[in-house]
Amino acid sequence: MDFLRPASWEEALAAKAEHPTAVPIAGGTDVMVEINFDHRRPEYLLDLNRIDELTEWEVGQESVRLGASVPYSAIMENLRTELPGLALASHTVASPQIRNRGGVGGNLGTASPAGDAHPALLAAGAEVEAESVRGTRLIPIDAFYTGVKRNALEPDELIRAVHIKKADGPQQYSKVGTRNAMVIAVCAFGLALHPETRTVRTGIGSAAPTPVRAKEAEAFLNAALDEGGFWESGKIITPAIAKQFAALASGACNPIDDVRGTAKYRRHAVGIMARRTLGWTWEQYRGAGRTLEGAA
Amino acid sequence: MRVNFTVNGRPQEADDVWEGESLLYVLRERMGLPGSKNACEQGECGSCTVRLDGVPVCSCLVAAGQVEGREVVTVEGLADYAKHREDAHPGGGCASGACGTTLDAAKRWQSKPTDGQAGEAAELSPIQQAFIDAGAVQCGFCTPGLLVAADELLENTPSPSDQDIREALSGNLCRCTGYEKILDAVRLAAARQEEAVQS
């Protein structure tokens, strides 16, 4: 094994071009587990810790450009207003020690269906900034997850940042696990209201081979809210609409039975989380101020 | 591969480090610092918690090569680290111990290494003393990680709520105590710290 220690982003891109099999390591919270347990013996480890700009973020007009290695603890602390859904999701990641090291770039690189950031990114709307010596491209988050632990990155590409739409309305995140800390999601659900476009977006975690949006549920809800004039009136969403939304969210799952839960349970739980997060965000939208309800 | 970094205020060099080796392994097996415990090796238990440039991390998940040029504080250096904080920042704290201290204080910090093995006769940090006084140590395996995590909590949150304490220690597993005595110990250390600031 070789340990590559680029001192700059340009050096890192050059190293990845020269050694496409190199495994990037930033927080190490996924990669080191695999090495410690002898599950993986990469030819090259590409350390990204010395590249400072990866831990920086810029708040723009429309979106936040979040460096790939910004730790979850920094997202929780600094970006709660701009990225409330991701901040809530970050708070559910493992433990303080892990949140101090891990970041969204690693979550995307690993692309586990159970990664905590994914539902929040899907719901908010995001693009992954991938770069190689050949150039930079922005990959829409919907096109990024291509299979179980697979993503749209080319072998010579590294994740520089993720561009996440700034919240224009309430966002919520919900995760099912056996306890609050140190838990891989049995399943998770993110929901964002976008009052500017009068749309609702969702993200489902750990209930399909990849993180997915509940697109049919979104389409149904968007139409129902529009037809009923809910965005203007701010009235309570009728239980029938919430119920149908939950059922469609449940239907968007394609889960498996595993040690953490059964497929049936996951479908059921996703429906419940969809209904709850819709209720929480809608209450926030109506100004009832139940701000952090549902925060794990 | 060779790795140079600072451990408990002293520059250290490790040779023939395997590229996939963890910081925890280097500390325990190459530097004779067995205080950080090796339990789960997957970041679940917090027994290997150390400060890396002031930030609590699981040392089992940090690749040795990633600590090149950086500062690590382990439980063996906790008493000195707390002493430095008390001297240089009464009532507060600095993140890394690499702050703008007086030359005198810096010398004292660098030149007083603890024994490194078992810390015999070494002074205890307030959080260590509180763990003893509150009966928070049973088998002791989780204790070093808890001490490092709890010390960092008290540095940044001098009057923690119970919720703060539970959250700060949520990454550290203890299979003996049921945590109650550990929570007592942190409350005790916080209370003593407040008294010291007020007096």
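How many bridges join strand 4 of chain A to strand 5 of chain A? There are 3 bridges, and the two strands run antiparallel. Strand 4 covers residues 57-59 of chain A, and strand 5 covers residues 63-67. Together they form a hairpin with 3 residues between them. Within this pair, A:Val59 stands opposite A:Val64. Keep in mind that this is a predicted model.

Strand 5 of chain A has another partner to look at. It pairs with strand 10 of chain A, residues 158-165, in the antiparallel sense. That pairing runs over 5 bridges. Here A:Ser63 stands opposite A:Lys165.

Now move along chain A to an open sheet of 3 strands. Their order is 11-12-13, with antiparallel pairing. The edges are strand 11 (171-176) and strand 13 (199-205) of chain A, each of which pairs on one side only. The twist from one strand to the next averages 10 degrees. Strand 11 of chain A is joined to strand 12 of chain A, residues 187-194, by 6 bridges. For a landmark in that pairing, find A:Gln172, which stands opposite A:Leu191.

Helix 11 of chain A comes next. It has 23 residues, 263-285. After helix 11 of chain A comes A:Gly287, with a positive phi near 85 degrees.

Turn to chain B. It has 7 helices and 5 strands. Read along the sequence, the pattern is β-β-α-β-β-β-α-α-α-α-α-α. Chain B has 199 residues, and 46% of them are buried. Take the contacts in chain B between residues at least 6 apart in sequence: 64% of these join residues at least 24 apart.

The strands of interest in chain B make an open sheet of 5 strands in the order 2-1-5-3-4, with mixed pairing. Strand 2 (10-14) and strand 4 of chain B are the edge strands, each pairing on one side only. On average, neighbouring strands of this sheet are turned by 40 degrees against each other, direction ignored. Inside the sheet, strand 1 (residues 3-7) and strand 5 (residues 71-73) of chain B pair in the parallel sense over 2 bridges.

The largest nonpolar core has 140 residues. Those touching the most other members are A:Leu86, A:Leu121, A:Ala124, A:Val270, A:Ala274 and B:Ala150. Helix 5 of chain B gives the most to this core, with 7 residues. Leaving aside neighbours within four places in sequence, its contacts include A:Phe189, A:Thr202, A:Phe245 and A:Ala249.

Finally, the two chains meet. The contact takes 24 residues from chain B and 24 residues from chain A. On the chain B side, strand 4 (residues 55-58) supplies the largest share, 4 residues. That side of chain B divides into 10 nonpolar, 10 polar and 4 charged residues.

Terms used:
Residues are numbered from 1 along each chain as its sequence is written. Chains are lettered from A and ligands numbered from 1 in the order in which they are written. This is a predicted model: local features need pLDDT of at least 70, side-chain atom pairs count only at pLDDT 80 or more; totals for chains, interfaces and linings use all residues. Two residues are in contact if their C-beta atoms, placed from the backbone, lie within 7 Å. Ala, Val, Leu, Ile, Met, Phe, Trp, Tyr, Cys and Pro count as nonpolar, Asp, Glu, Lys and Arg as charged, and the others, Gly among them, as polar. The expected span of a helix is 1.5 Å times one less than its number of residues. Two strands pair if DSSP finds at least two bridges between them. Axes are lines fitted to C-alpha atoms, for helices over the stretch in contact, and angles run from 0 to 180 degrees between N-to-C directions. A residue is buried if 20 or more other C-beta atoms lie within 10 Å of its own, exposed if 12 or fewer, and partly exposed in between; C-beta atoms are placed from the backbone. A nonpolar core is a set of buried Ala, Val, Leu, Ile, Met, Phe, Trp, Tyr and Cys residues joined through C-beta atoms within 7 Å.
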